[in-house]
Amino acid sequence: MSNETYTSSTRIFKELLDEIGKVVVGQHEAVEHMMIAILCNSHALVESNPGLAKTLTISTISKALDLKFNRIQCTPDLMPSDITGTYIIEDIGGKKQYRFEPGPVFANIVLADEINRASPKTQSALLEAMQEKQVTVGNKTYMLDKPFFILATQNPIEMEGTYPLPEAQLDRFLLKILMDYPTFEDENEIVNRYTKNIVPSVKSVVSKTEVLELQKLTRDVPIAEDIKVRAIKIVGATRGKSEHIEYGASPRASIGIILAAKARALMKGRNYVSKEDIDVMAYPVLRHRIILTFESERKGMTTDQVISDLIKNVK
Amino acid sequence: MDEFLEKLKQTRTGFLSRMRILSILDLIAIFSIVYAIFIIINLEYFLNKFLPVASIPIKFIPPVLAIFIAVLLSILLHRRDSKLNVIRIIENKYPDLNEKLRTAYDNRNESNVIVDSLKTIVSESMKVVSPSNLLAKSRIISKVIITIIFIAGMIFISNNPGEYQIPESTLSNITKTFPGQENNTGLIDIIGRPENSEAIGSNGSGDIFGKPKIASIEGKNIDLTLYSGVDTGFDVRDTSQTSNQFIKSAAFPVDIVGSNVSDGGYSMLMKKTETEKMLINKYAVERSKI
């Protein structure tokens with residue numbers, strides 16, 4: 001099965017991207033990175049201004065992948081049980097019994113919209129599910145379905161009344177994806193597509209089993225020693241004496257870069273990880289894992305600029 | 001063993017043997033240069049002069065020494081040959097194999113569907129790899145030509161030593177200036193004498209190219225050379241304050257003195273002798289010409 005999936009992986013990814021492209025105009029990098037996060041069996045954090053098709057993109061991906069999709073709109077009064085599920089009393093044959101009612105986290109793809117609006121208590125409930133791929137309610141643990149992918153979103157402009165995610169929790173997201181405004185041509189195409197009676201739709205092109213196979217194949221992609229060393233050096237450089245970085249990335253970042261690079265290589269139809277994969281994936285992997293110094297922030301430097309400098313300096 | 005590993009091993013062996021040939025060419029070229037230099041500087045003369053008793057005949061020492069230097073230098077030049085990363089060299093020469101070969105090599109012990117497919121692709125691409133392509137032909141050819149030129153030069157110089165060798169008379173003059181030689185007067189000053197100070201009092205002819213000046217007075221030679229820091233110049237050692245007090249002088253008496261030239265100097269001129277008048281006249285005429 002693995003062999004067949006690998007042989008047809010190039011076709012699968014092409015069909016998948018074509019299908020997603022029917023609905024989502026542009027945002028190729030964001031779509032690619034979301035797919036990479038899914039292939040790595042991990043999670044992603046998306047930061048973008050409102051109205052840039054975050055929900056549309058992820059719901060389209062779930063449809064194309066034939067996976068169950070749920071959306072959680074995070075608000076300050078959202079309770080952990082609203083996410084994980086709760087026990088309800090049910091009358092069965094005149095006898096009252098507790099029955100577990102699964103929450104929205106019981107899906108393959110979960111969109112946690114505006115995660116920073118949820119209280120820390122609720123955030124941690126969600127993050128536990130992310131890490132352990134299981135939910136504990138009362139004294140019982142429920143395993144989440146595979147594959148399990150959470151795409152959390154953040155709005156970078158409205159910070160009032162939010163609970164910014166602590167660094168330790170941010171570290172659990174494999175990638176931080178930035179979605180920018182579309183180009184003029186893309187926006188023109190968006191307007192053309194969504195102002196007609198026929199709304200574009202997608203069909204499923206990849207089965208759940210194939211997604212799991214692809215996740216397995218991702219880890220099989222070989223990587224050369226020097227390329228692996230390069231990834232570790234890039235992460236190590238964030239902990240060095242950089243004048244721009246206050247706190248560097250954890251070893252989880254090294255794992256993240258290599259895994260994401262493997263997924264990218266697989267998506268690109270390559271059977272090896274190239275240096276380019278490492279360099280490209282270093283940005284979304286490190287973006288949320290490094291804290292810039294006050295001086296750098298004051299100068300208006302972005303984390304991407306700092307990462308770019310690090311990549312240039314690593315031999 | 002995987003097919004590509006076998007091919008890689010063969011390529012590496014072939015490449016290293018070519019590098020060995022290059023190192024031999026370097027050795028020959030260095031030997032030719034060094035031996036030619038030994039002939040030009042007439043090393044045998046120096047060896048005879050300074051090493052009169054040797055365990056081996058003097059004439060064998062220059063070639064043996066040249067071989068020794070050539071071996072040493074070629075080892076230094078090629079010391080990293082065995083550590084050369086052949087995989088990188090292959091990847092640079094064959095861009096199709098870039099990153100693939102090293103990945104396949106680093107994961108040679110792994111086996112899964114992706115690694116196996118990579119190994120198959122690499123094995124296929126490795127078929128065109130040849131050790132002769134890894135070293136630029138121009139590099140080998142240029143090295144061979146250079147070596148031949150050096151050998152020819154060395155043979156030519158060794159066959160015509162008289163034309164290129166420094167004459168023994170020049171060498172003999174040079175050796176005389178060496179410390180401890182027979183013509184040396186033996187007195188070596190330790191406080192800053194020039195290197196050729198040994199020649200003082202013997203052959204000093206007074207030229208400006210280093211020989212000291214010798215004055216000969218009534219058959220006695222006197223050394224006129226001034227050594228820096230030895231009985232020359234002076235040191236300012238007295239740092240005591242000097243008195244800057246002014247001493248009043250008597251006031252110059254003020255008086256009115258009439259000018260002697262009120263009549264245009266005519267009366268003064270009339271008082272002069274005839275010789276003086278002629279001289280002044282001649283001066284005025286000459287002055288007017290300027």
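Reader: Which hand does the crossing of helix 3 of chain A and helix 4 of chain A have, left or right?

Author: That crossing is right-handed. Keep in mind that this is a predicted model.

Reader: At what angle do the axes of helix 3 and helix 4 of chain A cross?

Author: Roughly 50°. The axes of helix 3 (residues 28-39) and helix 4 (residues 54-64) come within 11 Å.

Reader: What does that make them, parallel, perpendicular or oblique?

Author: Oblique, because angles of 65 to 115 degrees count as roughly perpendicular and those under 35 as roughly parallel.

Reader: Which residues meet there?

Author: Helix 3 of chain A brings A:A30, A:V31, A:M34 and A:M35. Helix 4 of chain A answers with A:T57, A:I58 and A:I61. By class, this contact has six nonpolar residues, one polar and no charged ones.

Reader: Switching to the sheet. What is the strand order in chain A?

Author: The order is 2-5-8-1-9, in an open sheet of five strands with parallel pairing. Strand 2 (69-73) and strand 9 (175-179) of chain A are the edges, and each pairs on one side only. Neighbouring strands are turned by 20° against each other on average, direction ignored.

Reader: How many bridges link strand 5 and strand 8 of chain A?

Author: Four, in the parallel sense. Strand 5 covers residues 109-113 and strand 8 covers residues 149-154. One pair to look at: A:A112 has A:A152 in strand 8 of chain A as its bridge partner.

Reader: Which strands does helix 4 of chain A touch?

Author: Helix 4 packs on the sheet and touches strand 1 (44-48), strand 2, strand 5, strand 8 and strand 9 of chain A. Its direction makes about 170° with that of strand 5 of chain A.

Reader: Zooming out. How many helices and strands does chain A have?

Author: 14 helices and 11 strands. The radius of gyration of chain A is 20 Å, close to the 20 Å from the globule rule for 315 residues, so chain A is as compact as a globular protein of that length. Its C-alpha atoms fill a box of roughly 75 × 45 × 45 Å along the principal axes.

Definitions and conventions
Residues numbered from 1 in each chain as written. Chains lettered and ligands numbered in written order. Predicted model: local features only at pLDDT ≥ 70, side-chain atom pairs only at ≥ 80, totals over all residues. Axes fitted to C-alpha atoms, helices over the stretch in contact; angles between N-to-C directions. Helix = DSSP H or I, 4+ residues; strand = E, 2+ residues; numbered from the N terminus. Parallel < 35°, antiparallel > 145°, perpendicular 65-115°, else oblique. Left-handed = near helix turned anticlockwise from the far one by under 90°. Contact = placed C-beta atoms within 7 Å. Nonpolar A, V, L, I, M, F, W, Y, C, P; charged D, E, K, R; others polar. Pairing = 2+ DSSP bridges. Rg over C-alpha atoms; globule rule 2.2 N^0.38 Å.
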